[in-house]
Amino acid sequence: MGEYRTDDVLFTHAWPDWHDVSAHRRWSEGPQSRSAYIYSFRTPPFSREIGARRPDYAGAGDLVRDYCCVLFGKRFEHHGLIEGSGMFFLPTFSGYDGLCIHTLPHNTHKSRVDYPVELNLGELSRIENLVQFNDIDERFLRYFRTAVKFYAQALRCWEGDPETAYLNLITAGEVLSNYFVYPKETLLDGATSRILQEVRTHVPEGKKVARQLATRFQGIKKKFVLTILRLIPEGFFDRTETLTEHSALKEISFERAVAAAYDLRSVHLHSGAAFGTWVSRFCIAGNEELQGGRPVVEDRSLGKALADAPTLVGLERVIRCCLLSFAAEHREFRP
């Protein structure tokens, strides 16, 4: 629906040939549903002298695609340039006619329950500075673009490679966590804090030694968890996209669930244990955000992490909320 138009930017629909019967299947919500759009923007004149380098704007499509993914919470693809700097190109339509699981939240024709953005291209005005490439705080932009890239990649590979999709979502959260600076003490668990206190008290030059050890012991996982807890919006637990209330994320166990998601990544990277089926197979029927019990697997640490961690549906919802909260804090997203 709608379009986004300014003096320099136009984002609008690319309509199919309605005489083509397949076009109607793409328009209606279902496994074949697809919509196509054109993003065009005004560029400055460039030198046509011999040896002058022709500007390449292909990357703009990738950025806008990823921004749309997080704004609407839907899967977007970039099919390439059709015209740039006076040259015309043939787009690629790989995947355009493929099938999808249309009941997943990022594939439906419904707005998301968190930061609900109407499925109207005019809503791009909520992130106007981003899609118009205006001057933005460089540090914010660097972290935000990288985190959004991993989030968008997760949506695109979800159905073909759920394991990689999950890891991409964890990475997006980890990128956000590296933006924030936390006091060293907050990144240590209780046992480590007690050990360091013993060092301060009983070891020669204990304060210096403890300070050096604290730097080494700072928990990447703890930083990840603290960042997610910080960015989750108010009222997150009052709504859900799952059809079964018992499988929705709960505030009382949320910190444990976030920590378990990071544990799941660590177990996979350290042992090679596969988990993609477990975080995706039970999401299809009712968009469950949590496992229905403890999976029976040989690796005990994997089983424990799976039992507490969010499913792909749950983790995707968490990371999208954190990305938009992060942008809102910097006034680059208007809720």
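1. A hairpin of three residues connects strand β1 to strand β2 in this predicted model. The two strands, β1 at residues 4-5 and β2, run antiparallel and are paired over two bridges. Within this pairing, Arg5 has Leu10 of β2 as its bridge partner.

2. Strand β2 also pairs with strand β3 (residues 37-41), again in the antiparallel sense, and here over five bridges. Phe11 stands opposite Tyr39 of β3. Strand β2, which spans residues 9-13, is mostly covered, with four of its five residues buried.

3. The largest nonpolar core comprises 81 residues. Those with the most contacts inside this core are Leu124, Phe144, Tyr166, Ile228, Leu264 and Leu323. Helix α4 (residues 138-157) gives the most to the core, contributing 12 residues. In soluble globular proteins, nonpolar side chains tend to be buried together.

4. Apart from its neighbours within four places in sequence, Leu124 is in contact with Tyr4, Phe11, Cys68, Leu71, Phe72 and Val131.

5. Aromatic pairs number 20 across the whole structure. Tyr179 and Phe180 form an edge-to-face pair, with 5.3 Å from centre to centre and 85° between the planes. Tyr179 counts as buried because its relative accessibility is 13%, under the 20% cut-off. Phe180, at 6% relative accessibility, therefore counts as buried by the 20% cut-off too.

6. The rings of Phe237 and Phe254 form an edge-to-face pair, because their planes stand at 75°, with the centres 5.1 Å apart. Phe237 lies in the loop between α8 (220-231) and α9 (254-271), whereas Phe254 belongs to helix α9, so the pair ties together parts that are 17 residues apart in sequence. Phe237 is partly exposed, with a relative accessible area of 26%, whereas Phe254 is buried at 3% relative accessibility.

7. One aromatic cluster is formed by Tyr67, Phe140, Tyr143, Phe144, Tyr179, Phe180, Tyr182 and Phe326. Phe144 is also listed among the residues with the most contacts inside the largest nonpolar core, and the cluster includes the edge-to-face pair of Tyr179 and Phe180.

8. Two placements of a charged side chain over a ring should be noted. Lys149 lies over the face of Phe150, at 5.2 Å from the ring centre. Arg317 lies over the face of Phe236, at 3.7 Å from the ring centre.

How values were computed:
Residues are numbered from 1 along each chain as its sequence is written. This is a predicted model: local features need pLDDT of at least 70, side-chain atom pairs count only at pLDDT 80 or more; totals for chains, interfaces and linings use all residues. Side-chain values use heavy atoms; hydrogens and water are left out. Buried means under 20% relative accessible area, exposed over 50%, partly exposed in between (1.4 Å probe, protein chains only). Two strands pair if DSSP finds at least two bridges between them. A nonpolar core is a set of buried Ala, Val, Leu, Ile, Met, Phe, Trp, Tyr and Cys residues joined through side-chain atoms within 4.5 Å. Contact means heavy atoms within 4.5 Å. Rings of Phe, Tyr and Trp (its six-membered ring) pair if their centres lie within 6.5 Å; planes under 30 degrees apart count as stacked, over 60 as edge-to-face and the rest as tilted. A charge sits over a ring if NZ of Lys or CZ of Arg is within 6 Å of the ring centre and within 35 degrees of the ring normal.
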